[in-house]
Amino acid sequence: MDAEAAKLLGAGLAAIGAGLASIGVGNVFAKFLEGALRNPGAADSQQGRLFIGFAGAELLGLLSFVIAALLIFK
Amino acid sequence: MAVEAKVDPMHQFAIEPLFGSNSWAVAGHNVAFTNSALWMALATVVLVVFVLGGLKREVVPGRWQMAVESFTGFIDAMLATNVGPNGKKYVPYIFSLFMFILFANFLGLMPLGLFGIHPFTFTSHFTATGVLSIMSFAIVLVVGFAKHKLHFFSLFVPHGTPVAMIPPIFFVELISFLVRPFSLGLRLFVAMMAGHVLLEVLSSFVISGGNAGPILFAVAGVPSFVLMVGICALEILVAGIQAYVFALLTCVYLNDAENLH
């Protein structure tokens, strides 16, 4: 396998990370909704924390995109 | 079949000097007025016009004043919940930051290509978002050290840490603190770039499918187009969320600097 093919394969493998991050983001919102439906009164005050969790989960997926882009274009 | 026209999804991010400013230089560095600078200026102009329109200070606000006031109220509430009473003085900074990023993201998504103007999303470049995040990080450092002097370093050792655990915890907290400006800028830039690449790739499916004949157009082109409309709506959501997340995380970091923890 030459280096170019290995790079493209690596970029493809990096896409797995994006899929895993989607599970994470789904989990964040699912758990928030679960809690929010049990106690709607407290839900609005926790939106900031919801988005901090979302940002953390999403960042790891975006990092895999960066790795894929670096492998393809660099 | 005709020559396959290849759509380059990365071409939309190319930075080009405008108005023949290619050779402008200051101290040997090229300072050409690029399309990126043009759209930054446009975002600023639109933002200033938007805010000036709401500065009439009527007792019964009109629609425009109501729109501006809901944005300032939103930022004010965000700082009040995340930083507390000390956060009031950061409202102008967070407001400018949030609105600038929001307007930049939305201007980049505008379907102005229909009129021959191709919007450029400068938030899809790490140079632009990196400077914004370094600005936030610099404010955190300056405020933290000015307010708490060297006591600021207690930020890296949470309350109640056992003595044996202090060196590793300090190290881990220091790394996580130093990575902040990087992750803050990276998140915005990658989210915007990924979305725009996705839209470009889907539109190339529609165009190539249409060129390839009616069957392929029906099988590949039309579903891609429907998906693209959906993704466009998602991108509008992402543009708002990313601006919000950038402002929110800046608030959270400012809270560390103001109140330690």
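Colleague: Before we start, when are two residues in contact?

Modeller: Two residues are in contact if their C-beta atoms, placed from the backbone, lie within 7 Å. With that, take chain A: among its contacts between residues at least 6 apart in sequence, 91% join residues at least 24 apart. Keep in mind that this is a predicted model.

Colleague: And what's the figure for chain B?

Modeller: In chain B, 61% of the contacts with a separation of 6 or more come from residues 24 or more positions apart.

Colleague: Back to chain A. How many helices and strands?

Modeller: Chain A has 3 helices and 0 strands. Its pattern along the sequence is α-α-α.

Colleague: What share of chain A is buried?

Modeller: Buried residues are 11% of its 74 residues. In chain B they are 26% of 261.

Colleague: OK, chain B. What's the order of elements?

Modeller: From the N terminus, β-β-α-α-α-α-α-α. That comes to 6 helices and 2 strands. The C-alpha trace spans about 75 × 55 × 45 Å along its principal axes.

Colleague: What about confidence?

Modeller: Chain B averages a pLDDT of 85, and 97% of its residues score at least 70. For the complex, the predictor gives an ipTM of 0.78 and a pTM of 0.85.

Colleague: New topic. How many residues are in the largest nonpolar core?

Modeller: 46 residues. Those with the most contacts inside this core include B:I94, B:F98 and B:F246.

Colleague: Which elements give it two or more residues?

Modeller: α3 (47–73) of chain A does, together with α1 (35–53), α2, α3 (91–109), α4 (126–148), α5 and α6 of chain B. α6(B) gives the largest share, 11 residues.

Colleague: You mentioned B:F246. What is B:F246 in contact with?

Modeller: Leaving aside neighbours within four places in sequence, B:F246 contacts B:L97, B:I101, B:L184 and B:L188.

How values were computed:
Residues numbered from 1 in each chain as written. Chains lettered and ligands numbered in written order. Predicted model: local features only at pLDDT ≥ 70, side-chain atom pairs only at ≥ 80, totals over all residues. pLDDT = per-residue confidence, 0-100. Helix = DSSP H or I, 4+ residues; strand = E, 2+ residues; numbered from the N terminus. Buried ≥ 20, exposed ≤ 12 C-beta atoms within 10 Å, placed from the backbone. Core = buried A, V, L, I, M, F, W, Y, C linked by C-beta atoms within 7 Å.
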